[in-house]
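Q: Hi! I have a model open and would like to talk through its side chains with you. Could we start with the charged pairs?

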Amino acid sequence: MKADGGVLVTLGIQFAIMALLAVGGANAVVPEMHRLAVEQRMWMSEREFADLFAIAQAAPGPNVMLVALIGYHVAGVAGSLVATVAMCGPTPMLAHFLSNAWDRFKDRPWRIVVQAGLVPISVGLVGASAIVLTRASVHSWIAAAITVITAAVAYWTRLNPLWLIGIAGLAGLTGWVG
């Protein structure tokens, strides 16, 4: 796909904003990525988004790989680079400049409250990501059952989730889940 300047600017601005909101990591803003790529800009379908998320999770490396895949899908190599730099650039710079101030106030009551308040926000954002991805990838009753069973087994057992992902992937590969 050919990189369009306007698309690259949009990718850069939108992912830079998401980077600043990604409390809990890139997975915390998956719903916003979905809204941008599927609902607002219509760069891809629900299925394509779910597939890109699955590829990013299956590949070794950081979860932020989804950003590079979305950028690549939208505008090729240039889109991948712009989206990745925008997502990975602002937050570390901001963290660098704010870390000294944050450490200076480590015993202040307001800092303890802010830090404690960020935990449920992170959990909520990641939970919202799970809901968006479930809606995007469940297209049959078999897929819904696999999703529910996988979530239950992951929650109530110590079984490594990679086994569950592998089993579900094989079910999809064989055509058992459509």
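A: Happy to! The side chains of Arg47 and Asp51 form a salt bridge, with 3.7 Å from N to O. The term salt bridge here means a side-chain nitrogen of Lys or Arg within 4 Å of a carboxyl oxygen of Asp or Glu. Please keep in mind that this is a predicted model, where local features need pLDDT of at least 70 and side-chain atom pairs count only at pLDDT 80 or more, while totals for chains, interfaces and linings use all residues. Residues are numbered from 1 along each chain as its sequence is written, and side-chain values use heavy atoms, leaving out hydrogens and water.

Q: How are Arg47 and Asp51 separated in helix H3?
A: They are four residues apart in helix H3, which means about one helical turn between them. Helices are DSSP runs of H or I with at least four residues, numbered from the N terminus.

Q: How many salt bridges does a search of the whole structure find?
A: Two. Besides the Arg47 and Asp51 pair, Arg35 bridges to Glu32, with the closest N and O atoms 2.6 Å apart. Arg35 is partly exposed at 33%, and so is Glu32 at 26%.

Q: Since we're on H2, which of its residues are buried?
A: In H2, residues 30-40, the buried ones are Val30, Met33, His34, Leu36, Ala37 and Val38. They line one face of the helix, because they fall within an arc of 165 degrees seen down its axis. That arc is taken from the directions from the helix axis to the C-beta atoms.

Q: What covers the buried residues of H2?
A: The cover includes H1, H3 (46-58), H4 (65-88) and H6 (109-137).

Q: New topic: which residues touch the most other members in the largest nonpolar core?
A: Among its 29 residues, those are Phe15, Met33, Phe49, Leu66, Ile70 and Met87. H1, H2, H3 and H4 each give two or more residues to this core, and H4 gives the most, with eight. A nonpolar core is a set of buried Ala, Val, Leu, Ile, Met, Phe, Trp, Tyr and Cys residues joined through side-chain atoms within 4.5 Å.

Q: What does Ile70 touch?
A: Leaving out residues up to four places away in sequence, Ile70 touches Phe15, Met33, Ala37, Met44, Phe49 and Leu52. Contact means heavy atoms within 4.5 Å.

Q: Which residues are in the second, separate core?
A: That core has five residues, including Ile142, Ala143, Ile146 and Val177.

Q: Last one: which residues make the nonpolar surface patch?
A: Val9, Ile13, Ile17, Leu20, Leu21, Leu94 and Leu98 make a patch of about 650 Å². H1 (5-21) and H5 (90-104) each give two or more of its residues, and H1 has the largest share with five. Patches are made of residues with over 30% relative accessible area and no salt bridge, joining like charges within 9 Å and nonpolar side chains (Val, Leu, Ile, Met, Phe, Trp, Tyr) within 5 Å. Accessible areas come from the Shrake-Rupley method with a 1.4 Å probe, and for residues only the protein chains shown count as cover.

Definitions and conventions. Buried < 20%, exposed > 50% of the residue type's maximum accessible area, 1.4 Å probe, protein only.
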